[in-house]
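Dear colleague,

I am handing over the structure below, and after it you will find notes on what was found. Please read them with the model open beside you.

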Amino acid sequence: MNILFLDLKAAYLELQTEIDVAIKRVTHSGYYILGPEVEAFEAEFAAYCGAKYCIGVGNGLDALTLSLTALGIGRGDEVIVPSNTYIATWLAVSQCGATPIPVEPSLLTYNIDPSKIEAAITPKTKAILPVHLYGQPADLAPILAIAKQYNLKVVEDAAQAHGATYQGKRIGGHGDAVTWSFYPGKNLGALGDGGAITTNDEQLAQRLRTLRNYGSSVKYVNDEKGFNSRLDPLQAAILRVKLKYLDQWNQRRQMIAQRYQTELNTTNLVLPQIMPQAQSAWHLFVVRTPERQALQDRLSAAGIGYLIHYPIPPHQQKAYQQEAAQLGMSLPLAEQLATEVLSLPIYPHLSAQQVSDIVKVINE
C-alpha cells in the first residue's frame, strides 16, 4: 500500500474549479499587493473566528513577531512559551529581542501546563504565548486569569487550530492577539506561505496594519520602522474558497480521529485526550509510545506515511544552545515527548479504507 501522510494535491483537486476561478479573478483584477481580495478574506476570516479584526501577513512566524512587536515587547523582556512546540514560537520572541522562558507541558494534552506558569513569571515577564498544539486549544481560562493578575499580554499561537473551539467559542479572539499560519499543510492552507492575526483591539489592529507595510499607513509616510509582511492577494483568494469548506473538512478529520480512538484503544499506544471544554481541530493525531522505532519500522514497511512532531525540542536545537546553557534549561517532559510521539495520517481526503488499513497494521 502507499498511504501518504498528507495529500495536498487531493485538496486542490476537490476544489480545483473554484480555486482556478479565484486565481483568474486576481490576475485579471490588477491588484497584486493587498487590495480588495485581501480585505475580503480578512473580513470573512475575522467573522469566522468571532473576532473584530483580521490582519493578513506573510506567514505564521511573521504573525507572531508582528504581534509581539505591536504589543511593545522587546529587548530585556521575557515571554513565557511552551517547552513542547515548533521552534517558530520561540523564534518570534527572539526576533523581538526578548527572551523565551519555557514552561513544561501537561502529559495529558501536551499543551503548556497552566499550573506551572506562575512559577516562571519574573519582573521581566511581559507576555504569555500559549500554543494550541496539534489542533487542541490550550487551557485558556487559567492562562488569561494569570495574565490579568500579573498585567501580562496573551498572544496565542493558533497555527494548528483553525476551527477549534474553547468553551464553545472559536479560537480567534480570547487573547490580546491570535496568530495564524496558512502554510499549505494547515487545516486552512494556502498554496504557498501566508499568515494572519486576529484581535478585538482596534488600536492594536491599526498598528499591525502599519507594521506589516514598512511602518506606513499612508504611502511614502513611515511612522515607524516596520516590516514587509503582507498576505498575497492570490493566496487570499484561494483561502476564501477553502474557508467555505473548513468546517466540513474538519468534520472529516473528526470522523477519522473517532475511528482511531475507538479502533486503536486496545493497543499500548497513548492516544490523544481532549479537554471537555475544548473541541480540537484535529490538525494532527499524535500517539505516544516508548517503542516508537518499532512502530516507525512497521508503518514504513507497510507503506504508511507518518511524521514526528517534533523530534528535537527548541531548547536542544543548536539555535538555542547559548540560551539553554545560560538559563540552565532542564525540560525533561519536552525531551520525553520528543522521543515518544508519532503523528498518524488524518487529512480530510484520507479514505475510509485507508484508515482501516492503517488501523489493521498498527493493531497487528
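Asp247 is partly exposed, with a relative accessible area of 33% (buried means under 20%, exposed over 50% and partly exposed in between, with a 1.4 Å probe and protein chains only). The model is predicted, with local features needing pLDDT of at least 70 and side-chain atom pairs counting only at pLDDT 80 or more, while totals for chains, interfaces and linings use all residues. Residues are numbered from 1 along each chain as its sequence is written, and side-chain values use heavy atoms, leaving out hydrogens and water.

The side chain of Asp247 forms a salt bridge with that of Arg170 at 2.9 Å, N to O (a side-chain nitrogen of Lys or Arg within 4 Å of a carboxyl oxygen of Asp or Glu). Asp247 belongs to helix 9 (residues 246-263) and Arg170 to strand 7 (residues 169-170), so the pair ties together parts 77 residues apart in sequence; helices (H or I, at least four residues) and strands (E, at least two) are DSSP runs, numbered from the N terminus. Arg170, at 27% relative accessibility, is likewise partly exposed.

The structure holds 13 salt bridges, and another of them joins the side chains of Glu37 and Arg25 at 2.6 Å, N to O. This pair links distant parts of the chain, with Glu37 in helix 3 (residues 36-49) and Arg25 in helix 2, twelve residues apart. Glu37 is buried at 11% relative accessible area, whereas Arg25 is partly exposed at 38%. Arg25, Glu37, Glu44 and Arg240 are linked in a network of salt bridges.

Best regards
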